[in-house]
Amino acid sequence: MTRATQSPPVTRRLGRGIGWRPEIDGAIRRADGLGFVEVVAETIDPRHPPTGVRAALGRGLVVIPHGISLSLGGGEPPDRRRLRHLARVADRLDAPLVSEHIAFVRAGGREAGHLLPVPRTHEALDILTENVQTAQRALAVPLALEHVAALVEWPGAEMDEATFVSELIDRTSALLLLDLSNLYANAHNHGYDAADALVGFPLDRIAYVHVGGGVWRDGTYHDTHSHPVVPGVLSLVEELYAITDAPGVLLERDDDFPAEEELIAELAAIAAAAGRGDRRRANRDSA
Amino acid sequence: MGSRGRLRRDPPPVRVPPRVRAVYAARQADLLDALMCGDAYPAGFDLARAEAAGHSLRRKRARAIRHAWPALATALGRDFQVRVDAFLSVHPSSAGGLADGLDFAQWLGQASDREPHSHRPVDPVVTDNVRIEITLARARLHRLFVGVRRLDDPRRLIVVFRFPWTRPLVYCLALGGMR
């Protein structure tokens with residue numbers, strides 16, 4: 001498949017980032033070369049952000065609130081109280097944007113505590129579009145949308161994932177939070193080529209990129225965020241940067257936190273993969 | 001996708017009829033219940049994939065409970081996984097590891113009460129460390145909280161306060177005397 005260099009991304013330069021978690025606050029404070037961190041918005045009290053998050057702001061890092069509970073793909077409109085909280089966190093952290101998921105987390109009054117996929121149908125697109133537009137009206141900063149890893153798929157899909165995400169981004173003017181680990185997981189678990197699928201996403205709308213670890217169990221890849229980043233995901237980082245200069249790339253680690261050196265080595269491996277992609281893109285552009 | 005490269009300031013607003021949303025939400029609720037409880041998957045889904053997804057989801061919930069409730073998990077030992085699986089199969093809504101663990105501890109107590117005395121498992125909730133964990137969990141789940149617990153070994157009272165502007169504050173009073 002031909003991969004032409006795409007137009008520059010649409011948001012500010014973020015550089016290298018990491019998901020801020022209390023357990024790795026010390027490592028983050030000591031890490032060199034970071035441009036941004038991401039915080040789980042629901043864990044932040046806008047009146048009293050954690051000292052580690054305030055320290056990141058003090059160092060000049062961009063802090064991006066990442067929502068996990070809006071359930072933008074749910075049948076019910078997003079809850080106004082949750083939207084207000086997200087807006088207040090963004091305001092308190094002076095965030096240039098916020099991010100959420102293309103997923104549902106509750107239905108019928110019950111909470112999954114997990115990001116569940118939506119059907120890839122035109123009906124679901126309509127509901128998502130209305131929910132995202134409701135969220136955008138409540139937020140003072142741009143919203144980036146992340147596609148999720150899903151072991152289970154709804155029957156009756158009317159389009160592939162990249163087309164579904166592209167349609168949603170196009171209809172809402174939202175930004176894209178491209179998760180290369182989710183792409184890797186879905187491609188392997190549902191039998192398609194991740195690098196081919198990558199070019200179908202709206203890469204010129206990328207706000208930033210997620211990279212997380214995972215593990216193989218019984219022939220299925222699980223996007224756990226509690227294991228090291230696998231080589232196949234690093235290859236996707238390189239592929240992406242060979243196509244476009246994404247504004248930022250961020251490592252997500254949520255559990256079984258490794259030693260600080262290991263975390264720093266993972267950041268370095270991601271940066272190296274992005275660098276290899278950069279050089280391929282530069283060579284192609286100069287040819 | 002010709003408009004990808006430009007920002008449309010005012011995308012046309014979408015209004016989905018409530019009836020359409022209700023049907024869509026009901027289908028999501030059916031899937032959510034099946035994944036959370038591990039049975040009755042809706043028609044049309046790949047059963048093996050759905051079971052893998054449900055298993056993964058319940059494993060994640062169990063891990064969150066274990067993480068938030070180390071004393072309870074330690075008290076249950078090898079029984080933890082079996083009993084937390086039984087709890088999750090009848091509790092299809094998650095409120096996070098801390099709140100789920102509190103429900104789990106209460107469910108364990110009720111399950112223990114339902115057993116004939118001769119078959120009653122050791123109630124992990126009676127250990128001092130789990131009593132402390134339960135009281136602290138209640139304090140963390142409420143913005144305003146006062147709780148008192150009597151502990152056995154050594155005999156003492158712990159008093160836990162939580163105000164909207166603080167973390168839980170814990171005080172310990174020795175009671176003295178022998179058990």
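The model is a predicted one, in which local features need pLDDT of at least 70 and side-chain atom pairs count only at pLDDT 80 or more, while totals for chains, interfaces and linings use all residues. Residues are numbered from 1 along each chain as its sequence is written, and chains are lettered from A and ligands numbered from 1 in the order in which they are written. Helices (H or I, at least four residues) and strands (E, at least two) are DSSP runs, numbered from the N terminus.

**Where the chains meet**

- The contact between the chains takes 34 residues from chain A and 36 residues from chain B, where two residues are in contact if their C-beta atoms, placed from the backbone, lie within 7 Å.
- On the side of chain B that touches chain A, the elements that give two or more residues are α1 (18-37) and α2 (47-68) of chain B, and α1(B) provides the largest share, ten residues.
- Sorted by class, this side of chain B has 20 nonpolar, eight polar and eight charged residues; here Ala, Val, Leu, Ile, Met, Phe, Trp, Tyr, Cys and Pro count as nonpolar, Asp, Glu, Lys and Arg as charged, and the others, Gly among them, as polar.

**The nonpolar cores**

- A residue is buried if 20 or more other C-beta atoms lie within 10 Å of its own, exposed if 12 or fewer, and partly exposed in between, with C-beta atoms placed from the backbone.
- A nonpolar core is a set of buried Ala, Val, Leu, Ile, Met, Phe, Trp, Tyr and Cys residues joined through C-beta atoms within 7 Å.
- The largest nonpolar core has 102 residues, of which L176(A) and V237(A) touch the most other members, and its largest share, eight residues, comes from helix α8 (residues 231-243) of chain A.
- Leaving aside neighbours within four places in sequence, V237(A) is in contact with L180(A), V211(A), V249(A), I270(A), A273(A), A274(A) and G277(A).
- Another core, of 20 residues, lies apart from the largest one and includes A73(B), L108(B), L136(B) and A139(B).

- Helix α8(A) is mostly covered, with ten of its 13 residues buried, including V233(A), V237(A), E238(A) and I243(A).
- These buried residues of α8(A) pack against α6 (180-190), α7 (194-198), β9 (206-212), β12 (248-252) and α9 (260-286) of chain A.
- The end C-alpha atoms of α8(A) are 19 Å apart, which agrees with the 18 Å that its 13 residues should span at 1.5 Å a residue, since the expected span of a helix is 1.5 Å times one less than its number of residues.
- Helix α4 (residues 122-138) of chain A has 17 residues and reaches 25 Å from its first C-alpha to its last, close to the 24 Å expected.
- Among the buried residues of α4(A) are A124(A), L128(A), V132(A) and A135(A), and what covers the buried residues of this helix includes α3 (80-92), β7 (143-146) and α5 (161-172) of chain A together with α1 of chain B.

**A hairpin and a glycine in chain A**

- Strands β5 (residues 104-107) and β6 (residues 110-116) of chain A run antiparallel and are joined by three bridges; two strands pair if DSSP finds at least two bridges between them.
- Within this pairing, R106(A) has E111(A) in β6(A) as its bridge partner, and the two strands form a hairpin with two residues between them, where G108(A) in the turn has a positive phi of about 60°.
- G52(A), placed in helix α2 (residues 51-58) of chain A, is partly exposed, with 18 other C-beta atoms within 10 Å.
- Not counting residues up to four places away in sequence, G52(A) touches W20(A), P22(A), D25(A), I28(A) and R29(A).

**The layout of chain B**

- Chain B has six helices and three strands, and from the N terminus on its elements run α-α-α-α-α-α-β-β-β.
- Of the 179 residues of chain B, 25% count as buried.
- The strands form an open sheet in the order β1-β2-β3 (chain B), with antiparallel pairing, and its edge strands, β1 (145-151) and β3 (169-174) of chain B, each pair on one side only.
- Seven bridges join β1(B) to strand β2 (residues 156-162) of chain B, and V148(B) has V159(B) in β2(B) as its bridge partner.
- Helix α6 (residues 128-141) of chain B lies across β1 and β2 of chain B and runs at about 175° to β1(B), where axes are lines fitted to C-alpha atoms, for helices over the stretch in contact, and angles run from 0 to 180 degrees between N-to-C directions.
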